[in-house]
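Work through the exercises below with the sequence and the model open beside you. Try each task before reading its solution.

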Amino acid sequence: MSDALLLSRLQFAANISFHILFPMISIALAWVLLFFKLRFNATGDEKWMNAYRFWVKVFALTFALGVVSGITMSFQFGTNWPGFMNTVGNIAGPLLAYEVLTAFFLEATFLGIMLFGFKRVSNRMHTIATVLVAVGTSLSAFWILALVSWMHTPAGFEMRDGVAHATSWMEVIFNPSFGYRMIHTMLASFLTVAFLIMGLSAYRILRNDVTPAVRASLGVGVIMAATLTPVQIFTGDLHGLNTLEHQPAKVAAMEALWETERGAPLVLFGLPDAESQSNRFAVELPGMASLILTHDMQGEVKGINEFPDAHPPVAPVFWSFRVMVGTGVLMLLMSWATAWSLRRKNRVPPLLLKGLVVMTFSGWIGVLSGWYTTEIGRQPFLVTGVLRTADAVTSVPAGNIGLTLALYLLLYAVLITAYVSVVFYLARQAGQAGSKTSEPTAHGPGVLARKAATEGGHA
Amino acid sequence: MLEQAPDLSTMAGWLPLAFMLIMGLAILAYVILDGFDLGVGLLLQLGNEEQKDTMIASIGPFWDANETWLVLGIGILLVAFPVAHGVVLGALYLPVALMLVGLTLRGVAFDFRVKAKDEHKATWDFTFFAGSLLASLAQGFMLGRVVTGFTQDLWSYLFACLIALGMASGYALLGSTWLIIKTAGDLQRHAIVWAKRSIVLLAAGVAAVSVATPFVSQRIYEKWFGLENLIVLWPIPAMTVVTFLIAYRSLSRLPERLDQDRHDSEWIPFASTVAIFMLAFHGLAYSLFPYLVMDKLTIWEAAAAPESLLFIFVGAIIVLPVIIGYSVFAYRVFRGKATDLSYY
């Protein structure tokens, strides 16, 4: 692999890994905020508005990080992957254009009204603005996932002189893996938010900041997590079967199956070794991979050997997949345990609360490991069967790429640290404001009141 | 100027032209809209604690949507002229990266300054300023590189640095005249002083760039100083000079009028600054057309397939008026003097 290729891949991975963290929160959090607002409109119960007030701050911060990291993404194609647009620009271009036109402006413009317009527009208009922001974030996911899915399972196009031309936009957008990926990703977003809400609520409860708003938020998070985690596991299975049909090499890498065989074992643990084309220290369940993938203990599953020079690296895909599944299982256990103790005892034991705090950002781990599974699993192609990653890379000198990569990594390390610590700081601060002033919108002298009044002096 | 164009009645002829127009409008909208909030960022450190909050509040509800115009402009370059996107952004690799770092820093500083601990606020304010400065200079530098067609010699780089300084002065002028509209009292008086300083810098910058441009590009020289063109084109520099004079005069008179509690002319400096940007943009567009990469790549050579362009075009002419409509609505919601930003 050339230096420019390796560095460009690392840079793209760094940028998109950083970027995806924030939309994965803002997409579902927008809908949760709308839910809080609608509950308040319907019941008049102040706790829903208090929950809204706290979470809208987290939302604003998250949204800002998503916007700025998203701008970086829009430049990456040209700076590092000119071959991508040269070959499939006729497909990717319109999908990206529709994302900007139908989603970006909508969410960015109404975000201003949603955040700062509460006193300037009617309650109805404010609710509409909140709806439009939520619709905008989800529409944005729709277009970008249509493009990502098309790169995995391209359809509705023909190649003329080495350039892709669309023949059916419906087939391009609703390509074979799109539906599965869309649902799987949206659910991932809701689970990420569910654990974020549970984690921060648990953190506040552990600090004796047990207001009705905190309890209501915890309840919403628990219900989301406990119901959606099993749905997500089921959807993930369907997505996997879809991948088996269209990208068998990826599944072979996920399961670390080097040779095609009947009654293929499920490798629970092992160290995939590309050199010897085998797994060292493997712990296997005989026939189980065949059972899961073909629903027959003796079914035939294709191995890596079927795809010479066209299969992904096995170890990273194998491990990412296991981290994702492990996160999912842990999410299931934690959410059910919390739901069970809330139902039985109407409280959550401290140990479980601490566990929830630890899992505040567990959604990110699930998202990133899932993302790596599917994206590394597509290699060596950028667009399956159409364009190889190595053929799309820039001719910019490797030194320049190394420089910018270092710059981005440093920036991202600082920003992630700042984000996580500020989110927890906001939770602590909300507790202090709540205990010292009973009125959440307190005006008057004093640091806290001033802080509350100019909150978001910002955005 | 259309001699390089294919038959304009074909899709391959008029669609690239239409997209160049949309891209031009998006970039102009970006430069003016994000220009004023970048400008406020450039000036931020000049205010005291309370004034900083007001300055931020004056751009708070808008900056997000303003930056989206950049994504649209670059997005159209990417989707309508994919070949040029690779060439242009490849050539501008480092300044693009610096601009992105600048935009990232200021975008997040905006949020962190009030959400982080109080003792970190000054650091985030400085970050907001520094990010705005970095982004402004990088954008000007990139413009300079585009005008010279990425020529690799000392003069071209010096020329790009000159435009970078001019761009920052221009944004500072947009920012300070925006503050004149959105603020009152001491801050407004300060903004008038800042505006007067910026306009002098900008005038010097525009004059220097206008004189230098024809010399760094032979083609631009021929375009502007060919006899028939000279007659048609003189209104552009003439109107620019007049607009500068209007802006300066209005700034000079404003303190006196404010003393008399007359606020009806507060908008004139901002409006004339916008006019200056539009005129400069127009002159620049004329200089470059029909090239996306000076002397190397025309809009028709760089365009994507007509059927893909048509698919986007249909969406764009439906959606763009809607976007403009709700953007105007959002600006109307937050019209008048800036008040403290509050979520509820």
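Residues are numbered from 1 along each chain as its sequence is written, while chains are lettered from A and ligands numbered from 1 in the order in which they are written.

**Exercise 1. Confidence**

Task: Find the mean pLDDT of chain A and of chain B, and find the element of chain A with the lowest mean.

Solution. 
Step 1. The mean for chain B is 87, and 98% of its residues reach 70 or more.
Step 2. Go through the elements of chain A. Helices (H or I, at least four residues) and strands (E, at least two) are DSSP runs, numbered from the N terminus. The lowest mean pLDDT, 39, belongs to helix 14 (residues 447-453) of chain A, and the highest, 95, to helix 6 (residues 178-206) of chain A.
Step 3. Look at residues 435-459 of chain A, where the pLDDT is below 50; this stretch has 51 contacts in the model beyond near neighbours in sequence. Two residues are in contact if their C-beta atoms, placed from the backbone, lie within 7 Å. Where pLDDT is low, the predicted coordinates should not be read in detail.
Step 4. For the complex, the predictor gives an ipTM of 0.83 and a pTM of 0.87.

**Exercise 2. Chain shape**

Task: Compare the radius of gyration of chain B with the value from the globule rule.

Solution. 
Step 1. Take the radius over C-alpha atoms; the rule is 2.2 Å times the number of residues to the power 0.38.
Step 2. Chain B consists of 14 helices and two strands.
Step 3. The C-alpha trace of chain B spans about 60 × 40 × 40 Å along its principal axes.

**Exercise 3. Helix packing**

Task: Describe how helix 11 of chain B packs against helix 12 of chain B and against helix 8 of chain B.

Solution. 
Step 1. Axes are lines fitted to C-alpha atoms, for helices over the stretch in contact, and angles run from 0 to 180 degrees between N-to-C directions.
Step 2. Helix 11 (residues 235-259) and helix 12 (residues 268-288) of chain B pack at about 160°, with axes 9 Å apart. This makes the two helices roughly antiparallel (angles under 35 degrees count as roughly parallel, over 145 as roughly antiparallel, 65 to 115 as roughly perpendicular and the rest as oblique).
Step 3. Residues of helix 11 of chain B in this contact include M239(B) and F244(B), and those of helix 12 of chain B include I276(B) and L279(B). By class, the contact has 12 nonpolar, seven polar and no charged residues. Ala, Val, Leu, Ile, Met, Phe, Trp, Tyr, Cys and Pro count as nonpolar, Asp, Glu, Lys and Arg as charged, and the others, Gly among them, as polar.
Step 4. The axes of helix 8 (residues 185-216) and helix 11 of chain B come within 10 Å and cross at roughly 160°, which makes this pair roughly antiparallel.
Step 5. Among the residues that meet here are R189(B) and K196(B) in helix 8 of chain B, and Y248(B) and L254(B) in helix 11 of chain B. The contact divides into 11 nonpolar, one polar and two charged residues.

**Exercise 4. Backbone details**

Task: Locate the cis peptide bond that ends at P380(A) and the one that ends at P290(B).

Solution. 
Step 1. The bond from Q379(A) to P380(A) is cis, with omega near 5°. P380(A) is in the loop between helix 12 (362-376) and strand 7 (381-383) of chain A.
Step 2. F289(B) and P290(B) are joined by a cis bond with omega about 0°. P290(B) is in the loop between helix 12 and strand 1 (291-293) of chain B.

Terms used:
Predicted model: local features only at pLDDT ≥ 70, side-chain atom pairs only at ≥ 80, totals over all residues. pLDDT = per-residue confidence, 0-100.
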